[in-house]
Amino acid sequence: MAAALDMSVPAEWQRLGLTPGLSLRVFGMRRSGNHAILSWLQRNAPGGRSVFLNNCKPGADPLQNSRGIEVNGSHASQSKAKRDMPQVTKEAGDGALLLVSYEDTSPAEFGLLRQPSGAFDEALFSHNILIYRGFLNWSASLLKKMQANEGYTLVRRNGIVLRSIDSYIRLLGLVDQAQDLGLVAICYDRWMRSADYRSELLQQLGLPQRDNSLGEVQHYGGGSSFQKQAVSAAELQTDTRWLQMRGVAEYQALLHLAARDPALVEQLETLFPEDAAYLKSVAQQQPLPVEESA
């Protein structure tokens, strides 16, 4: 005879196989330092116990539509988790940290009729986190990543980058309203620079400080687009990516387009004024030589 279900435990936690002590849903654009921050959150999980559902499909149940799973910081079998999630997560146990991540999307892409996690009960998430990064370094890193895909034509990779910029603008629009919307906004640039900032975030999220270092380079998405041999995240020169790409004609063309987007420049003026100032200077330049009239 089958055991009766405990109706006091939400159905989502029964399917997960444990009741989390804290559940965090994380949004961010690719190449924004998502996995560095997600690794840091796992390292600071209570007792080191965590379940991480990576790169979930937007608008769908994350328990059935993640593209990878880690338990207690180690990769677990995705195929096994799809068949029997509780069997995979049992090592973490009740009270573990649950992390659910989404890439290239944010709550700004959704509404009342379509929620980011589908039918999953929104009230079960303790916090919603937005990860964001300065435009110049983010766009340089994203384009560099796209250029590494040999099967991508110039048109295809730039189409991806331009669509990503559109989503990036909407995500930045939420950062200004984060406190009013109950969101925790994490600036990757500041997170990389300041241990104090990282400590404040852990306190805000209700996590103990077990390891406040930058950790090791994460290899999701191929790792760093620029420093393939780097092991420690402290080695990464994440604040100079745009300078390394500044002489690339394709990146220059991208900046000329971006500089002429008033919505982007307006968002950057508040959050990344130096990036906004540089784009304004680019907008004053002619992207192509102007022929003199006869």
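1. α12 and α13 are oblique to each other, since angles under 35 degrees count as roughly parallel, over 145 as roughly antiparallel, 65 to 115 as roughly perpendicular and the rest as oblique. Their axes cross at roughly 140° and come within 6 Å; helix α13 covers residues 273-283. Axes here are lines fitted to C-alpha atoms, for helices over the stretch in contact, and angles run from 0 to 180 degrees between N-to-C directions. Helices (H or I, at least four residues) and strands (E, at least two) are DSSP runs, numbered from the N terminus.

2. This is a predicted model, in which local features need pLDDT of at least 70 and side-chain atom pairs count only at pLDDT 80 or more, while totals for chains, interfaces and linings use all residues. Residues are numbered from 1 along each chain as its sequence is written, and side-chain values use heavy atoms, with hydrogens and water left out.

3. On the α12 side of the pairing with α13, the residues in contact (heavy atoms within 4.5 Å) are Leu264, Val265, Leu268, Glu269, Thr270 and Leu271. They meet Pro273, Asp275, Ala276, Leu279 and Lys280 in α13. By class, this contact has seven nonpolar, one polar and three charged residues. Ala, Val, Leu, Ile, Met, Phe, Trp, Tyr, Cys and Pro count as nonpolar, Asp, Glu, Lys and Arg as charged, and the others, Gly among them, as polar.

4. Helix α12 (residues 262-271) also packs with helix α6 (residues 154-175): the axes come within 10 Å and cross at roughly 40°. That angle makes α6 oblique to α12. The crossing is left-handed, meaning that the near helix is turned anticlockwise from the far one by less than a right angle, clockwise being right-handed. From α6, Ile165, Tyr168, Ile169, Leu172, Gly173 and Val175 meet Ala263, Leu264, Gln267, Leu268 and Leu271 of α12. The residues of this contact divide into nine nonpolar, two polar and no charged.

5. For the protein as a whole, there are 13 helices and seven strands. Of the 294 residues, 50% are buried, where buried means under 20% relative accessible area, exposed over 50%, and partly exposed in between (1.4 Å probe, protein chains only). Among contacts with a separation of 6 or more, 69% come from residues 24 or more positions apart.

6. The seven strands form an open sheet in the order β4-β3-β2-β5-β1-β6-β7, with mixed pairing. Two strands pair if DSSP finds at least two bridges between them. The edge strands are β4 (74-75) and β7, each pairing on one side only. β3 and β4 run antiparallel and are joined by two bridges; Glu70 stands opposite His75 in β4.

7. α6 packs on this sheet, where it touches β1 (22-28), β6 and β7, and its direction makes about 125° with that of β6. Helix α9 (residues 195-205) lies across β1, β6 and β7 and runs at about 165° to β7.

8. Strand β2 (residues 50-53) is covered on both faces, with Ser50 and Phe52 buried on one side and Val51 and Leu53 buried on the other. With strand β5 (residues 97-103), β2 runs parallel over four bridges, and Leu53 stands opposite Val100 in β5. With strand β3 (residues 69-71), β2 pairs in the antiparallel sense over three bridges; here Val51 stands opposite Val71.

9. Ser50 lies in β2 and has a relative accessible area of 0%. Leaving aside neighbours within four places in sequence, Ser50 is in contact with Gln42, Ala45, Glu70, Val71, Asn72, Gly73, Ala92, Ala96 and Leu97.

10. Leu63 lies in the loop between β2 and β3 and is buried, with a relative accessible area of 9%. Leu63 and Ser117 are 54 residues apart in sequence and 9.4 Å apart in space, C-alpha to C-alpha.

11. In strand β7 (residues 183-187), five of its five residues are buried. Leu183, Ala185 and Cys187 point one way from β7, and Val184 and Ile186 the other way. Strand β6 (residues 127-132) pairs with β7 in the parallel sense over five bridges, and Ile186 in β7 is the bridge partner of Ile131.
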